[in-house]
Amino acid sequence: MQPAPVPPMPHRPRSVSVQLAAHFERLIATGVLRPGQRLPPERELAASLSVSRGSLREAMHELEAKHLVERRTGRGTIVSEQSERVSRLYSELDGTTNASLDDATELRLIVEPRIAAAAALRSAPSNLVQLEDVLTRSALRLDAETSLQLDLEFHLLLAHAAQNPLLVALCTMTSTWTESLRRHSHATLEGRLRSLEGHQAIYQAVQARDPDAAAAAMDEHLSVIRDVIARHAD
């Protein structure tokens with residue numbers, strides 16, 4: 001089996017190992033690197049990314065601690081398969097639903113403020129780098145589809161920052177169920193701006209390690225988006 005190709009990093013932060021960990025975790029979270037894929041050998045990977053092997057090792061140690069990769073003697077570094085409990089949850093919840101706006105909002109208000117609070121308590125520096133990168137890209141003049149995809153990515157990466165694979169699975173399914181409704185909030189410039197403002201407030205609370213503020217910011221964000229969707233749908 002050929003090693004998986006790894007795209008270059010978008011930019012360099014103060015800590016190269018943090019940026020590397022953020023880069024790889026985002027690639028794994030968004031499916032660019034898939035479970036079971038083998039990464040190139042350490043020397044080759046470090047050279048392709050123009051980083052030191054020491055920085056790469058530090059990043060891989062973090063990913064291994066998060067159970068995102070497995071480092072096996074004689075086989076190299078492998079993207080971890082989903083745990084049995086996560087796979088079971090996906091199989092039980094898989095599918096789409098024609099949720100009403102009120103039902104979708106209620107589901108998100110139950111789940112996502114708790115995810116934001118957990119992220120404020122548990123996020124690693126690499127998780128903050130990922131979230132900041134999504135915010136930077138979201139601040140550009142975007143079309144509706146790109147804005148929606150970055151919205152979904154922000155909430156997915158926030159779930160990863162909570163360091164609980166079951167929350168990641170639940171967030172993924174929630175996004176699937178609510179994606180068609182969320183398209184309405186990105187159909188207008190006003191909706192895209194409200195989405196970005198909400199994400200920025202959530203990020204600031206997570207960065208400040210304030211779980212109550214993170215939960216409150218998420219609650220406010222979801223309520224604002226619900227109103228945007230309702231106005232657009234009408």
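Author: Gladly! A crossing is left-handed if the near helix is turned anticlockwise from the far one by less than a right angle, and right-handed if clockwise. By that rule, helix 1 and helix 3 make a right-handed crossing. This is a predicted model, where local features need pLDDT of at least 70, side-chain atom pairs count only at pLDDT 80 or more, and totals for chains, interfaces and linings use all residues. Residues are numbered from 1 along each chain as its sequence is written, and side-chain values use heavy atoms, with hydrogens and water left out.

Reader: Why are helix 1 and helix 3 called oblique to each other?

Author: Angles under 35 degrees count as roughly parallel, over 145 as roughly antiparallel, 65 to 115 as roughly perpendicular and the rest as oblique. The axes of helix 1 (residues 16–29) and helix 3 (residues 53–65) cross at roughly 50° and come within 8 Å. Helix 1 and helix 3 are therefore oblique.

Reader: What makes the contact between helix 1 and helix 3?

Author: Contact means heavy atoms within 4.5 Å. Helix 1 brings Val16, Ser17, Leu20, Ala21, Phe24 and Glu25, while helix 3 brings Ser55, Leu56, Glu58, Ala59, Met60, Glu62 and Leu63.

Reader: Which secondary structure does the protein chain have?

Author: There are 10 helices and 2 strands in the protein chain, counted as DSSP runs (helices H or I, at least four residues; strands E, at least two). Along the sequence the order is α-α-α-β-β-α-α-α-α-α-α-α.

Reader: What percentage of the protein chain counts as buried?

Author: Buried means under 20% relative accessible area (1.4 Å probe, protein chains only), and 47% of the 234 residues qualify.

Methods
Axes are lines fitted to C-alpha atoms, for helices over the stretch in contact, and angles run from 0 to 180 degrees between N-to-C directions. Buried means under 20% relative accessible area, exposed over 50%, partly exposed in between (1.4 Å probe, protein chains only).
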